[in-house]
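Keep the viewer open while you read.

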Amino acid sequence: MEAILLVGGQGTRLRPLTISTPKPLLPTAGVAFLAHQLARAHAAGVDRIVFATSYRAEMFEAAFGSHAYGVDLAYVSERRPLGTAGAIRNAAKALTCSSNEPVLILNGDILSGHDVTAQVSVHEKAGAAVTLHLVEVEDPSRFGCVPTDADGRVTAFLEKTNHPVTDQINAGCYVFRRDAIDTIPEDEVVSVERETFPGLISSGAVVMGYVESGYWLDVGTPQAFVRGSCDLVLGRIASAAMPGDPGERLILDGAVVSPRAVVRDGTTVGRGAEIEAGATVLGSVLQDGAFVAEGATVRDSVVGRGARVGPGATLDGVILGDGALVGPGNELRDGLRLWPGIALPPTAVRFSTDA
Ligand code: GDD
Ligand code: MG
């Protein structure tokens, strides 16, 4: 089976990490995020993937070349972002399958343990134009809300609505019959969520839902990105692309971790990174060359390439851009993001004997 991977988004919610690296290429459990998706696609029987690129298009081919993780790769870039459906239509130029064959379409920021083969078989049995993987979530308003009837047929598609009619949402993995892709207008900006799906449903095409709520995560927010990386390290979702066995921590080549540091909860310590004695690093991603000094605490955070956390400083739910520096004693919390190269001076601690 062939697949199209949508990787043209700008990843704005993950800035500043995505200023230099597109979201799908961010290091996640030791490798580019997409490596996990490629390995999982291969395991599901996908043998060729067309990347639909736009933002920093050249970086994808440089990262993966023409074959990786058992899958042949092709790249199709948009001169201007064509939206999710425009991108699918554009990338379909590079497909080789015939018009009635199934094509897998994947959002490039999803970690999913669902059974793709079962999804394809629902699609084939129903003779559907499209079959969407659906999951149930607590807050459907942040996603595409997708009600289905008793036979599993999709009855509506409501993208990011404040009035969701069900907890069932679009999980970002579709099986399209090849000729259903050809109904999308060419060289136009089109949204699969706001135009193509509602259009197919109202025209009477068979659009099916495949509901499976196993492990599923959209890594598009800083919190979710850190969670996804740690879940991979901890083995909560299996990945053949992970460089090492699942465990409390993943320590990459050339990293130096003091035996008197506490490092756990799925933390990745990047190549050449260093953690000094007395530091505590929990559930975090330290990119290559990051440094955490003695007595510092880092939790649920990303420390960018070559960024430095000074002695006794605390980071909790923070993104440090590449080369940023947090001086001794600072406490940064709750979604704070420090841009690359920014340096925070040490906190001024004054001891006074006055009453
Ligand atoms: N090539 C290309 N061109 N890719 C694009 C473009 C474009 O113009 N716009 C977005 N993409 C890619 C992104 O890179 C990402 O992989 C995917 O399309 C989805 O975009 P996101 O920006 O991550 O969308 P979202 O997370 O807000 O919502 C989507 O995913 C949810 C599930 O996580 C929607 O499909 C929702 O309906 C869905 O519930
Ligand atoms: Mg997303």
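Phe-291 sits opposite Arg-308 of strand E25. That contact belongs to a parallel pairing in which two bridges tie strand E22 (residues 291-292) to strand E25 (residues 308-309). Strands here are DSSP runs of at least two residues, helices are H or I runs of at least four, and both are numbered from the N terminus. Two strands count as paired if DSSP finds at least two bridges between them.

Before going on, some ground rules. This is a predicted model, where local features need pLDDT of at least 70 and side-chain atom pairs count only at pLDDT 80 or more, while totals for chains, interfaces and linings use all residues. Residues are numbered from 1 along each chain as its sequence is written, chains are lettered from A and ligands numbered from 1 in the order in which they are written, and side-chain values use heavy atoms, with hydrogens and water left out.

**Two parallel sheets**

E22 and E25 are part of an open, parallel sheet of six strands, in the order E16-E19-E22-E25-E28-E31. Strand E16 (256-257) and strand E31 (343-344) are at its edges with a single partner strand each, so one side of each has no neighbour in the sheet.

Another open sheet has five strands, ordered E17-E20-E23-E26-E29, again with parallel pairing. Its edge strands, E17 (262-264) and E29 (331-333), each pair on one side only. Inside it, strand E20 (residues 280-282) and strand E23 (residues 297-299) run parallel and share three bridges; Leu-282 has Arg-299 in E23 as its bridge partner.

**The metal site**

Which residues coordinate the magnesium ion (ligand 2)? Asp-109 and Asp-218 do, both through OD atoms, at 2.1 to 2.4 Å. Donors are N, O and S atoms within 2.8 Å of the metal (3.2 Å for Na, K and Ca), and with water not among the atoms, sites may look incomplete. The two aspartates are 109 residues apart: Asp-109 is in the loop between strand E7 (102-107) and strand E8 (110-112), and Asp-218 is in strand E14 (residues 216-218).

How open are these side chains? Buried means under 20% relative accessible area, exposed means over 50%, and partly exposed is in between (1.4 Å probe, protein chains only).

| Residue | Relative accessibility | Class |
|---|---|---|
| Asp-109 | 9% | buried |
| Asp-218 | 22% | partly exposed |
| Glu-61 | 46% | partly exposed |

**Helix H2 and the cores**

Helix H2 (residues 33-43) is largely enclosed by the rest of the structure, because eight of its eleven residues are buried. Among them are Phe-33, His-36, Gln-37 and Ala-41. Just past H2, Gly-45 adopts a positive phi of about 95°.

A nonpolar core is a set of buried Ala, Val, Leu, Ile, Met, Phe, Trp, Tyr and Cys residues joined through side-chain atoms within 4.5 Å. The largest has 33 residues, and Ile-4, Ile-105, Val-130, Phe-176 and Ile-181 touch the most other members. A second, separate core of 27 residues includes Val-7, Val-31, Ala-39 and Leu-106.
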